[in-house]
Amino acid sequence: MKISSLLLALAAMAISLTSCEKESSEPTPTVATTGEVDIELDHVVGANALVLNAATPNYTTPSGDHFSVTTFRYYISNIKLTKEDGTTYVQPNSYYLVDAAKADSKLLALKDIPTGDYTSLTFTIGVDSARNMSGVQQGALAPSDMFWSWDTGYIFMKLEGKSPEAGSGAFLFHVGGFKKPNNAIRTVSPALPAATKILVRADHSPEVHVKVDVLKILTGPTTVRFADFPGAHMPGASAVKLADNYAAGMFRIDHVHAN
Amino acid sequence: MKRTQTVLLAAGLAALLAAGCQPDAAVVPLETVPGSGLPTNFPAPVYGLDQNPPTKVGFELGRKLFYDPRLSRDGSTSCGSCHQQFAAFTHAGHPVSHGIDGLLGTRNSPALQNLRWQRDFLWDGGSNHIETMPAAPITSPVEMGETLENVVRKLNADPEYQRHFEQVFGSKPIDSYQLLKALAQFTAALTSANSRYDHYVRHESGGTLSAAELRGLTLLTQKCTPCHSTELFTDNSFRNNGLDATFAADSGRAHITQRPTDRGKFKVPSLRNVARTAPYMHDGRFQTLEQVLDHYAHGVVASPTLDPLLKPATGPLGLALSSQQKGDLIAFLNTLTDEQFLTDKRLSERP
């Protein structure tokens, strides 16, 4: 008993020491081989800019439902850049919580990317299942109201607002869930505009301008009418439908500034 | 990081010293930090000691938070309000929990013990981790009615907490990560492994069981396993033990999985300290262990998801138990009471 607890203490020490070493032995990026990419997220509703908290409904769905938006938040994670030859750069510890109400959250600054010509951008909308199961996290993943504790897991996307067509006058879409059959994790690779590459160089940081269209949450494979589809609050079929909608076209790369 | 290392080094040295200078005692000496040792008769923990390594300052911070009613919206309710030490951290005498504003929950407050060995939390298994689990009561409108953001704000406004958190984590300001890590230092420390039964299986002094208690132990392994099996007296599965025909009030596991085949299934609770955790079952419907055994003997109700173990090939539903057998079982269940755990000053509100 005593010996085993001593061993455990030593093991714990060893682990903490190794993790320290890892931190200090991280490769120091040399100026010549890496660069930066900025992803700028531009929130829109169809052809209009997203303006939160309008007093009266300021948007209309293609089916004719009127609405305004009070909250729009989502996670982007596991960003990956791929070169023409198929080699990839996978961003380590890649988690971002984007909040339409917070300007600085709409700019994702990716650093230490190996220089090269990248032809596609891939990312997950939501949080991978591993991070849904490994206890409390830090940074963008620190538990907040984007986290369900009674059915553990992150809320991948939150869209809340008002609509006269909704029975209660409001709609509340909370999408999450990482277990079959209600897995709502979606990974997308929105196409770059024709003949466009993301050219990462040591001396210039390309800006990728992405339009994020709220209307695409309500349209796509499932047409959302607020009267009969006013909410999703837990992992389940409704959340999966909304995830399928937004995966089908919420993100569109508008243009890339080479800088 | 440096800080953690020093603390661990100190803990390591302390362990060395302790190992070097203490004579071999029959009874395991108390660790400096409660729950920082692993009982030899237990299986490997789910939440290893290397995750969130126990430290004295971390444990003390966790304890302070656990007993602090400021974690609730109106400052009335702490974790300890519904989880009382003398009752193995259940809510003594309360069938369902009472939260802020006198609001009633729908479920019985379970014992908090040996959580380090638990994979799923809550009666329906909705919570998958000891660290994130406390966010559920904190944010439940009928329990503590708070937001993590606001709790963190309150803690950051308190100089004593500022100091204590910085001592533990070495960084400012306090955030939800630190809050939940600190709480887990306390909840993971609630190890109960010093009942008379434990002394018996570990061949320690004081570990004698009477003839009736031994008969009860044999009966338990015949009738109550695999559900209440292993040294934790639960297989951590979800099962329907025949409390209801429809489970209209609470569908249990199906609430999480949305599978009809999980309707009426609840997490099998441990039987450790069970003599002190009345009332019983997820809705606190039984007041005594006699009533529980009467349920298994002749109260089991049929439903599509009733556990096959309670559907014998012949005869009535449930488990055949004579009154002598019930007496023996209860005698054994009483040996699972761990007075050292229930009265350990270090786990109490005022240590």
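**Close-up 1. B:Cys224 in helix 9 of chain B.** In this predicted model, B:Cys224 lies in helix 9 (residues 211-224) of chain B; helices (H or I, at least four residues) and strands (E, at least two) are DSSP runs, numbered from the N terminus. B:Cys224 counts as buried because its relative accessibility is 15%, where buried means under 20% relative accessible area, exposed over 50% and partly exposed in between (1.4 Å probe, protein chains only). Apart from neighbours within four places in sequence, B:Cys224 is in contact (heavy atoms within 4.5 Å) with B:Leu219 and B:Leu329. UniProt, in an unreviewed entry, places the feature "binding site" at B:Cys224, B:Cys227 and B:His228; UniProt positions follow the numbering used here, feature names are shortened, and annotations may be inferred rather than shown by experiment.

Close-up 2. The loop between helix 9 and strand 1 (238-239) of chain B holds B:His228. With a relative accessible area of 11%, B:His228 is buried. Setting aside neighbours within four places in sequence, its contacts include B:Phe233, B:Val268 and B:Tyr296.

**Close-up 3. Strand 14 of chain A and its pairing partners.** Six of the seven residues of strand 14 (residues 207-213) of chain A are buried, so this strand is largely enclosed by the rest of the structure. Strands pair if DSSP finds at least two bridges between them. Strand 1 (residues 34-45) of chain A runs parallel to strand 14 of chain A, joined by seven bridges, and strand 16 (residues 251-257) of chain A pairs with strand 14 in the antiparallel sense over six bridges. A:Val208 stands opposite A:Ile39 and opposite A:Val256 in strand 16.

**Conventions.** Residues are numbered from 1 along each chain as its sequence is written, and chains are lettered from A and ligands numbered from 1 in the order in which they are written. Local features need pLDDT of at least 70, side-chain atom pairs count only at pLDDT 80 or more, totals for chains, interfaces and linings use all residues, and side-chain values use heavy atoms, with hydrogens and water left out.
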